[in-house]
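This report describes the secondary-structure arrangement and selected local features of the model shown below.

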Amino acid sequence: MTTAIYPGSFDPVTYGHLDVIRRAARISDRLVVGVLVNSEKVPMFSEEERVEMIRESVQDIPNVEVKSFSGLTVDFARKENATFLVRGLRAVTDFEYELQLAQINQKLSPEIDTVFFTTNLKYAYLSSSIVKEVSRYRGDISEFVPENVAKRIYDKQKKE
Ligand code: ADP
């Protein structure tokens with residue numbers, strides 16, 4: 001049985017992430033989406049909220065689990081018996097950072113490989129931060145995130 005980990009901040013999950021999740025779930029028996037909690041950035045959504053939003057959005061994919069983790073991704077991957085990590089590449093700007101991350105992870109844990117999914121061109125421009133930016137100015141985000149996520153973003157921003 002092959003287990004893959006898709007780690008990220010997912011603050012919040014977008015259609016770009018969901019596209020990668022769907023495709024990665026097709027090539028693994030079990031895909032664990034790992035919500036990273038110890039990132040240096042201050043997130044808009046709590047760990048629980050980010051996990052819930054992903055769970056609500058992947059209900060129809062049976063082999064996907066969503067968990068949060070802190071610490072090193074490779075330690076989380078080992079704990080879950082994963083053999084590969086999944087990451088997404090949107091543009092050349094992602095490449096340098098992703099390459100460095102994959103290389104350090106390979107150094108830390110040679111038995112775990114990183115597999116990259118190139119973005120679905122429909123979502124190449126999409127990032128969690130751009131969605132938050134557009135919604136802050138009341139722009140339409142319905143093509144960027146599922147309805148449940150859009151609602152939570154607007155609710156959160158009303159409270160700000
Ligand atoms: P991180 O903070 O770890 O970069 P993100 O939640 O921003 O976490 O992204 C997680 C992964 O998903 C990264 O590898 C990122 O490049 C990828 N990703 C984000 N948005 C998209 C998208 N629109 N298409 C493909 N991959 C994406």
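Angles under 35 degrees count as roughly parallel, those over 145 as roughly antiparallel, those from 65 to 115 as roughly perpendicular, and the rest as oblique. The model is predicted: local features need pLDDT of at least 70, side-chain atom pairs count only at pLDDT 80 or more, and totals for chains, interfaces and linings use all residues. Residues are numbered from 1 along each chain as its sequence is written, and side-chain values use heavy atoms, with hydrogens and water left out.

**Helix packing**

Helices (H or I, at least four residues) and strands (E, at least two) are DSSP runs numbered from the N terminus. Axes are lines fitted to C-alpha atoms, for helices over the stretch in contact, and angles run from 0 to 180 degrees between N-to-C directions. The axes of α2 and α6 come within 9 Å and cross at roughly 155 degrees; the two helices are therefore roughly antiparallel to each other. Contact here means heavy atoms within 4.5 Å. On α2, the contact involves Glu 49, Glu 52, Met 53, Glu 56 and Ser 57, and on α6 it involves Asn 148, Val 149, Arg 152 and Lys 156. By class, these residues divide into two nonpolar, two polar and five charged; Ala, Val, Leu, Ile, Met, Phe, Trp, Tyr, Cys and Pro count as nonpolar, Asp, Glu, Lys and Arg as charged, and the others, Gly among them, as polar.

Helix α6 (residues 147-159) also packs against α5 (residues 128-136), at an angle of about 60 degrees and with the axes 10 Å apart. That makes α5 oblique to α6. Val 131, Lys 132, Ser 135 and Arg 136 of α5 meet Ile 153, Tyr 154 and Gln 157 of α6, a contact of three nonpolar, two polar and two charged residues.

**The sheet**

Five strands form an open sheet with parallel pairing, in the order β3-β2-β1-β4-β5; two strands pair if DSSP finds at least two bridges between them. Strands β3 (64-69) and β5 (113-118) stand at the edges with a single partner strand each, so one side of each has no neighbour in the sheet. The twist averages 30 degrees from one strand to the next.

| Strands | Bridges | Residue and partner |
|---|---|---|
| β4 and β5 | six bridges | Arg 87 with Phe 116 |

Helix α2 (residues 47-57) lies across β2 (30-36) and β3, at about 170 degrees to β3. Helix α4 (residues 92-108) lies across β4 and β5, at about 170 degrees to β4.

Six of the six residues of β1 (residues 3-8) are buried, so the strand is largely enclosed by the rest of the structure. Buried means under 20% relative accessible area, exposed over 50%, and partly exposed in between (1.4 Å probe, protein chains only). Thr 3, Ile 5 and Pro 7 point one way from β1, while Ala 4, Tyr 6 and Gly 8 point the other way. Pro 7 is touched by Thr 73, which also touches Leu 85, not counting residues up to four places away in sequence. Thr 73 belongs to helix α3 (residues 73-79) and is buried, with a relative accessible area of 16%.

**Backbone features in loops**

Most residues other than glycine have a negative phi, and most peptide bonds are trans. A cis peptide bond, with omega about 0 degrees, joins Asp 11 and Pro 12; Pro 12 lies in the loop between β1 and α1 (15-26). Asn 81, in the loop between α3 and β4, has a positive phi near 60 degrees and is exposed at 61% relative accessible area. Arg 138, in the loop between α5 and α6, has a positive phi of about 60 degrees and is exposed at 57%.
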